[in-house]
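These are my notebook entries on one chain. I set down what I looked up, topic by topic.

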Amino acid sequence: RKLNAVDTLPKFEETEPKLRLTGIVYEADGKTPAQDVVLYIYQTNREGIYEKKGDEKGWARRHGHIRGWVKTGKDGRYTFYTFRPASYPNRNEPEHIHVTVKEPEKNEYYIDDFLFDDDPLLTDDKRAKLKGRGGQGVFLPQPKNGILTIERNIILGKNIPNYH
């Protein structure tokens with residue numbers, strides 16, 4: 001399918017709290033908007049499960065069907081409409097949304113998850129282990145135009161080992 005700068009994940013309409021993830025992807029200089037960068041996200045449902053429909057193939061077998069892709073335009077902007085995930089049922093990890101970056105002419109790599117500053121499972125110890133891959137990943141969602149919003153700018157290659 002043709003990717004756009006905006007994607008709406010499955011279950012967005014019927015699930016609360018609704019969440020908008022938005023921002024600008026920048027080149028490694030941290031200033032130039034990056035065009036044609038694909039961001040892939042996946043997350044759990046509100047029960048902390050990577051929900052499946054039963055016919056998954058490829059990555060969906062592991063990641064479930066609550067996932068989406070965007071491709072940045074000339075302005076580097078991206079937006080995902082989703083909902084706040086739950087922590088895993090065993091509650092050993094904070095709520096999070098995984099992010100993979102695919103730049104033109106480069107192998108894909110992961111950056112720090114979207115994490116929630118008000119999550120009690122995001123302990124000081126877990127915070128200390130974050131690498132800042134792609135930049136800061138911990139946010140407190142703010143209400144904006146009636147929807148909780150995280151504005152995260154991503155810097156390509158930042159704190160990514162062996163990035164060239």
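**Entry 1: the core.** I began with the largest nonpolar core, which has 25 residues. I took a nonpolar core to be a set of buried Ala, Val, Leu, Ile, Met, Phe, Trp, Tyr and Cys residues joined through side-chain atoms within 4.5 Å. Buried stands for under 20% relative accessible area, exposed for over 50%, and partly exposed for the range in between, with a 1.4 Å probe and protein chains only. The residues with the most contacts inside this core are Leu-21, Val-25, Leu-39, Tyr-78 and Phe-80. Two or more residues each come from β2 (18–26), β3 (38–43), β5 (77–83), β6 (96–102) and β7. The top contributor is β7, with 4 residues. I numbered elements from the N terminus, as DSSP runs: helices are H or I of at least four residues, strands are E of at least two. As a general note, nonpolar side chains tend to be buried together in soluble globular proteins.

**Entry 2: conventions.** The model is predicted, and I therefore kept local features only at pLDDT of at least 70 and side-chain atom pairs only at pLDDT 80 or more, while totals for chains, interfaces and linings use all residues. Residues are numbered from 1 along each chain as its sequence is written, and side-chain values use heavy atoms, with hydrogens and water left out.

**Entry 3: Leu-21 and strand β2.** I listed the contacts of Leu-21, contact meaning heavy atoms within 4.5 Å. Beyond residues up to four places away in sequence, Leu-21 touches Ile-41, Tyr-78, Thr-79, Phe-80, Thr-82, Ile-97, Phe-114 and Ile-150. How many residues of β2 are buried? I found 9 of 9. I then looked up the partners of β2, where pairing requires at least two DSSP bridges between two strands.

- β2 and β5 run antiparallel and are joined by 7 bridges; Lys-18 has Phe-83 in β5 as its bridge partner.
- β2 and β10 run parallel, with 4 bridges; Thr-22 stands opposite Glu-151 in β10.
- β2 and β11 (residues 154–155) pair in the parallel sense over 2 bridges; Tyr-26 has Ile-155 in β11 as its bridge partner.

**Entry 4: Ile-147.** This residue is found in strand β10 (residues 147–151). Ile-147 counts as buried because its relative accessibility is 10%. Residues up to four places away aside, Ile-147 touches Phe-12, Lys-18, Leu-19, Arg-20, Tyr-81 and Gln-142. I also noted a C-alpha separation of 17 Å between Ile-147 and Asp-118, which are 29 residues apart along the chain.

**Entry 5: the open sheet.** In what order do the 5 strands of the open sheet lie? I read β4-β3-β6-β7-β8, with mixed pairing. β4 (67–71) and β8 (138–139) are the edges; each has a single partner strand, so one side of each lacks a neighbour in the sheet. β7 (residues 109–116) pairs with β8 in the parallel sense over 2 bridges.

**Entry 6: two residues of this sheet.** Leu-115 is found in β7 and stands opposite Val-138 in β8. Asp-36 lies 79 residues from Leu-115 in sequence, and 25 Å from it in space, C-alpha to C-alpha.

Trp-69 is found in strand β4 and is partly exposed, at a relative accessible area of 26%. With neighbours within four places left out, Trp-69 is in contact with Arg-1, Leu-3, Asn-4, Asp-7, Val-38, Leu-39, Tyr-40 and Phe-80.

**Entry 7: the largest pocket.** I recorded about 530 Å³ of space in the largest pocket. The search used a 1 Å grid over the protein atoms alone; a pocket is an open set of points where a 1.4 Å probe fits, with protein on both sides within 12 Å along at least five of seven lines, and lining residues have an atom within 4 Å of a point. Grid points are joined across faces, edges and corners, and the volume is the space filled by probe spheres set on the points.

Of the 20 lining residues, the closest to the centre are His-98, Tyr-110, Asp-112, Asp-113 and Leu-130. At least two lining residues each come from α1 (60–63), β6 and β7. The largest share, 5 residues, is from β7.
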